Amino acid sequence: MSTEKHSEFRLDAAIWSDPISAVTFDQGNPRSLLVSSWDCTLRLFDISQNSQKKSFTANCPLLDCCFVDSYTAYSGGVDGRVRCVDVTTGQERVFPASHEAPVRCIEHCKHENTSNVVVSGSWDHTIKVWDVRMVQPVQSYRHPDKIYAMSACGDKLIVGTAGRHVLVWDMKNMSNVLQSRESSLKYQTRCIRSFPDHTGYVLSSIEGRVAVEFLDPSPEVQKKKYAFKCHRIKEEVPNKPEKTELVYPVNAISFHKGFGTFATGGSDGYVNIWDGG
């Protein structure tokens with residue numbers, strides 16, 4: 001790893017033989033960064049020392065990862081399995097009754113009533129709720145389409161699926177969907193992240209757009225929602241008088257918990273910072 005500035009660290013791209021699928025910080029120790037990849041690895045970095053601390057290899061590409069605590073990490077693979085690894089000892093558990101298709105999303109629900117819960121979302125149209133103390137899912141819920149994006153939102157879970165559906169679940173009582181919506185964006189959902197105050201969420205699509213949505217269904221609050229274009233580049237094309245606009249997917253969203261601002265990362269190679277207020 002090399003350092004360009006005191007506040008910026010660049011991971012050595014030569015480590016990975018395939019694209020990175022997800023990155024997440026340990027909320028209890030912000031120096032620890034967990035990275036999953038299509039090269040079948042789950043890697044733990046200490047950014048304060050610019051070093052890789054641990055590397056774990058699965059038998060398939062990994063599409064997402066999350067911390068449960070500073071010692072325990074979960075990942076989801078294209079083989080449909082959920083994996084749990086102790087990052088201190090390297091001991092791994094592979095949950096046999098996971099999914100029938102790739103696990104696209106995995107989230108640790110950190111609400112006080114759901115502190116021991118991990119949720120996985122798959123292209124097999126299901127989300128499964130796991131008690132971290134057990135190896136079998138405690139609940140399974142079928143959706144109308146493949147799961148593409150997911151975000152824990154306090155005691156709620158926001159799920160984005162194919163067909164531009166957005167479903168909001170109450171983690172305290174998942175007998176019924178709390179809200180079922182259609183995305184306000186015209187194209188496939190790419191990422192969903194909840195507000196730090198859990199009053200809404202930001203959703204992105206493959207067509208260079210981001211929507212800011214609110215959970216309160218009242219007309220007064222719904223008037224506040226909006227969407228905007230981003231991650232687009234205008235380039236000159238030979239024999240054309242006007243520049244052509246290239247539109248890129250918005251692949252990642254992350255909130256700053258203190259300021260409420262959020263960052264978006266696109267296939268254009270840029271990270272943009274937004275003030276959602």
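Is Phe 228 buried or exposed, and what is its relative accessible area? In this predicted model, Phe 228 is buried, with a relative accessible area of 17%, which falls under the 20% that sets the limit for a buried residue.

**View 1. The ring pair of Tyr 141 and Trp 169.** This is one of the 8 aromatic pairs that the structure holds. The ring centres of Tyr 141 and Trp 169 lie 5.0 Å apart and the ring planes meet at 45 degrees, so the pair is described as tilted. The pair links distant parts of the chain, since Tyr 141 belongs to strand E14 (residues 137–142) whereas Trp 169 belongs to strand E17 (residues 165–170), 28 residues apart. Both Tyr 141 and Trp 169 are buried.

**View 2. The ring pair of Phe 228 and Trp 274.** Here the centres of the two rings are 4.6 Å apart and the planes are at 50 degrees, so this pair too counts as tilted. Phe 228 is found in strand E22 (residues 226–229) and Trp 274 in strand E27 (residues 271–274), so the pair ties together parts that are 46 residues apart in sequence. While Phe 228 is buried, Trp 274 counts as partly exposed, because its relative accessibility is 24%.

**View 3. An aromatic cluster of phenylalanine residues.** Four residues, namely Phe 195, Phe 214, Phe 255 and Phe 262, together form one aromatic cluster.

**View 4. Lys 146 and the ring of Trp 123.**

Methods:
Residues numbered from 1 in each chain as written. Predicted model: local features only at pLDDT ≥ 70, side-chain atom pairs only at ≥ 80, totals over all residues. Heavy atoms only, no water. Phe/Tyr/Trp six-rings, centres within 6.5 Å; stacked < 30°, edge-to-face > 60°. Helix = DSSP H or I, 4+ residues; strand = E, 2+ residues; numbered from the N terminus. Buried < 20%, exposed > 50% of the residue type's maximum accessible area, 1.4 Å probe, protein only. Lys NZ or Arg CZ within 6 Å of the ring centre and 35° of its normal.
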